[in-house]
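Please read the following explanation with the sequence and the model side by side. It takes up one part after another and turns to the whole at the end.

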Amino acid sequence: MRRIYLDHAATTPLDPRVLEAMLPYLSEHYGNASSVHAMGRKARFALEESRERIAAHLGAEPGEMLFTSGGTEADNAALRGVLSSRMPHLVTSRAEHEAVLRPAEAWASSGHPVTFLPPSPHGAVTAEQVAGALTDATGLVSLMHANNEIGTLTPIEEVASVCHERGVLFHCDAVQAAGLFPLQAGGVDLMTISGHKMYGPKGIGALYVRGGVDFQALVLGGAQERRRRGGTENVAAAVGMALAFDLAMAEAGERIAHLTTLRDRLRRHLRQALGTAFVFNTPFVTDVAVAPHIVNIAFPPSDGQPLDGEMLLLNLDMDGVMASAGSACTSGALEPSHVLLALGRDRETASASVRFSLGKDNTEEDVDEAVDRLAAILRRMRQRREAGTTASV
Ligand code: PLP
């Protein structure tokens, strides 16, 4: 059976060109970038060259980029790095990734004011909502660029200008957008990106911190990253992430066109094959912008009977289709996705949701076959339910 990977929002495969560029730094060039000898200098050169290339894609200065262990650490570092008891109020949304929500909740539980904006039923947060939430004590607004579960885009420039009019810092989690859209860090004060969402390696991310922003390091230790992130740098991963970003930007036009074609085909085929048995969680409506790689669907209860979402995913996996329930971090957990609940979906419908996320190497056959397999599984599940057995299909 041919396996079909439709979980690119969880992670992407490592581009072979990226692997090749990384290999020397995992073998002969193993120096520590802080060592002053030749081997160390070789590593330092590669690290700084990678930093420059990543910064250039964001229109940033190299000194404004710090490498982290991934998107999660960069998000944590952003919030923990700038929030202070002098300007303690944080504004974020209920639809953020856990990497922002958890530190936001921790900040709230230590007695600081936090506003969790409710997204619209389409998952969008507007600049007007942000403006309405700002107070004289607001130190930071943190909103994601592209929602990792349903793909809704936040109007980043509008939010940034609202924040800047009020002298408030703006952090943008651009993990799902980096490598797809041109991003200009200049509009924001802090920005998170991650290597493994753009065909680069796992375990590396970067945080842009605009020059002049008062930033406290999250990870204390050595003097690496200009004392803003202690720990020996992962040179091979930095080299990989820089090349992955170069390739993504060079191929962005092609990739977006390909993903949009596949996404629209997936939408059409789902409707043709499943009729009205499902709803789109991704808002395919004219006035909401969405990322080109995510199609999230839900199965509301039919005849009062909820669909077993876990069973559905399990069967998709057994039939060779790799997708996700909500985000990768929540799949496997029994709790329905916090994002879908925030959109107003009831718990049963939110629990019976599947996120397909497309990648540059997917084909039209992948899409067609995934829908055919999904339709066959749903038929089997319905037959089993009618026959009164739910154990397995
Ligand atoms: N932010 C968003 C929007 C994400 O989608 C993810 C990963 O799913 C992260 C942050 C965390 O990134 P990482 O997996 O690099 O820690």
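In this predicted model, Ser85 counts as exposed, because its relative accessibility of 64% is over the 50% that the term requires. Ser85 is placed in the loop between α3 (71-82) and β3 (89-93). Although Ser85 and Ala137 are 52 residues apart along the chain, their C-alpha atoms are separated by 9.3 Å.

Another loop, the one between β1 (4-5) and α1 (16-26), holds Leu14. With a relative accessible area of 34%, Leu14 is partly exposed, and together with Leu19, Leu23 and Leu26 it makes a nonpolar surface patch of about 340 Å².

Strands of a sheet pair through backbone hydrogen bonds, either parallel or antiparallel. Strand β5 (residues 138-144) pairs with β6 in the parallel sense, over five bridges, and within this pairing Cys172 of β6 has Leu143 opposite to it. Between the two strands comes helix α6 (residues 156-165), and β5, α6 and β6 make a right-handed β-α-β unit. Strand β7 (residues 190-194) also runs parallel to β6, joined to it by three bridges, with Thr192 in β7 as the bridge partner of Asp173.

A further sheet is built in the antiparallel manner: three strands form an open sheet in the order β9-β10-β12. Here β9 (279-280) and β12 (353-357) stand at the edges, each with a single partner strand, so one side of each is left without a neighbour in the sheet. Strand β10 (residues 294-298) is joined to β12 by five bridges, the two running antiparallel, and Ala298 stands opposite Ser353 of β12.

Side chains of opposite charge can pair when their charged atoms come close. The count of salt bridges in the model comes to 23. One of them is formed by Asp7 and Arg355, whose closest N and O atoms are 3.2 Å apart. Because Asp7 lies in the loop between β1 and α1 while Arg355 lies in strand β12, this pair ties together parts that are 348 residues apart in sequence. Asp7 counts as buried at 11% relative accessibility, and Arg355 is buried as well, with a relative accessible area of 1%.

How many residues apart are Arg53 and Glu49, which both lie in helix α2 (residues 38-57)? They are four residues apart, about one turn of the helix, and their side chains meet in a salt bridge with an N to O distance of 3.4 Å. Arg53 counts as partly exposed at 24% relative accessibility, and Glu49 counts as partly exposed at 32%.

The side chains of Arg265 and Asp368 meet in a further salt bridge, at 2.7 Å from N to O. This pair links distant parts of the chain, since Arg265 belongs to helix α9 (residues 252-274) and Asp368 to helix α13 (residues 364-387), 103 residues apart. Both Arg265 and Asp368 are buried. Elsewhere, salt bridges that share partners join Asp15, Arg17, Glu251, Arg255, Lys360 and Asp361 into one network.

With these parts in view, the whole can be described. The protein has 13 helices and 12 strands, and 55% of its 393 residues count as buried. Along its principal axes the C-alpha trace spans about 70 × 55 × 35 Å. Its radius of gyration is 22 Å, which agrees with the value near 21 Å that a compact globule of 393 residues would have.

Methods: Residues numbered from 1 in each chain as written. Predicted model: local features only at pLDDT ≥ 70, side-chain atom pairs only at ≥ 80, totals over all residues. Heavy atoms only, no water. Pairing = 2+ DSSP bridges. Right-handed = clockwise from strand over helix to strand, strands pointing away. Patch = residues over 30% accessible without salt bridge, like charges linked within 9 Å, V, L, I, M, F, W, Y side chains within 5 Å. Areas by Shrake-Rupley, 256 points an atom, 1.4 Å probe, with all protein chains shown as cover. Salt bridge = Lys/Arg side-chain N within 4 Å of Asp/Glu carboxyl O. Buried < 20%, exposed > 50% of the residue type's maximum accessible area, 1.4 Å probe, protein only. Rg over C-alpha atoms; globule rule 2.2 N^0.38 Å.
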